[in-house]
Amino acid sequence: MKVIDENTLQNNSTLTANITTGNLVPADLRVRAQQKLFNDHFQNYKPYSIPKAQLVIADIPYNVGKNAYGSNPSWYIEGDNKNGESKLANTEFFDTDKDFRITEFLHFCSTMLIKEPKATGKAPCMIVFCEFEQQFELIEKAKKYGLNRYINLVFRKNFSAQVLKANMRVVGNCEYALILYRDKLPKFNNDGKMVFNCLDWVKDTNSQKIHPTQKPVAVLEKLIKIFTDEGDVVIDPVAGSGSTLIAAMNCNRSAYGFEIKKPFYNEASKWIQERKTEIEEIKRYGWAITNASKENPTLFNVFSG
Ligand SMILES: C[S@@+](CC[C@H](N)C(=O)[O-])C[C@H]1O[C@@H](n2cnc3c(N)ncnc32)[C@H](O)[C@@H]1O
């Protein structure tokens, strides 16, 4: 990918034409990538006039209902069943995790993905993180929305939340996702290297913890870089903590998200704004002043005072 500056762009009509083919990305386009989160159901997307996406990333509710912590030690106080049940026993991850409408979701995604371009190597796709058995339903139902093809992804963790009865049975250490696409293979930035469908799950120790099923930013960044170019649009209809929008911002992609739960929306918006400020300050001053002053207020008082 070649990056060009604004002056070169204005003085060169061939370059301007090439931008629409996706071969060049102007510097000003990189700056203009924007991220917006809406506190609404994705089903109400129309008034927001968001642009169509090269990539939809969605981590859909797993419909596990009140068994969310079923094999997790946090079901018991301090993870020990001798202590009795904790307040997480018999609870849901979030109260929208029981009646998620997959057909409405697929309708939204097929509507909001850009049309298949004539050229090869530029087609859009969606990636859905889901529970293992949801994959079969998604594959079948997606066909009704023209998303005829799929590639399954498995993410391998080096840990498992299913530690209860771990000495009696095989425990799960994988996350599952599907790449769904229409007919042409999706855009694919592989740097000449093979991309395996079994990927490492990089545990996220840097990000704020906002959501019980929050996805690691590094995992999302990797997917965004493979299936989009700078300046492309990513949409997350069920954004939770806003992790997809953060990953898109880090990769200079525009991103739009929906989240119905106000507390998640508020925390996510705060995170997105903080990260925006951080990136802008690093660009302008070479370092993130606001963050540094929060981490070390005493030092900053000395300098400013
Ligand atoms: C599995 S979580 C997503 C977690 C997210 N990937 C993250 O990394 O933080 C799904 C989220 O979708 C939200 N949700 C469920 N139905 C929705 C809808 N119709 N429109 C928008 N958000 C919805 C839930 O409130 C929940 O926070």
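The legends below describe close-up views of a predicted model. Local features require pLDDT of at least 70 and side-chain atom pairs count only at pLDDT 80 or more, whereas totals for chains, interfaces and linings use all residues. Residues are numbered from 1 along each chain as its sequence is written.

**View A. The shell around the ligand.** The ligand is surrounded by 22 residues, a residue being near if its C-beta atom, placed from the backbone, lies within 6 Å. Asp 59, His 211, Val 238, Gly 240 and Ser 241 are the closest. Nine residues of the shell are nonpolar, nine polar and four charged (nonpolar: Ala, Val, Leu, Ile, Met, Phe, Trp, Tyr, Cys and Pro; charged: Asp, Glu, Lys and Arg; polar: the others, Gly among them).

**View B. Burial of helix H7.** Seven of the eight residues of H7 are buried (20 or more other C-beta atoms within 10 Å of the residue's own, C-beta atoms being placed from the backbone). They are Ser 243, Thr 244, Leu 245, Ile 246, Ala 247, Ala 248 and Met 249. These residues pack against elements including H6, H8 and strand S10 (254-258); helices (H or I, at least four residues) and strands (E, at least two) are DSSP runs, numbered from the N terminus. Asn 252, with a positive phi near 65°, follows H7.

**View C. The contact of H7 with H8.** Leu 245, Ile 246 and Met 249 of H7 meet Trp 271, Ile 272, Arg 275, Lys 276 and Ile 279 of H8 (contact: C-beta atoms, placed from the backbone, within 7 Å). The residues of this contact comprise six nonpolar, no polar and two charged.

Technical notes: Contact = placed C-beta atoms within 7 Å. Buried ≥ 20, exposed ≤ 12 C-beta atoms within 10 Å, placed from the backbone.
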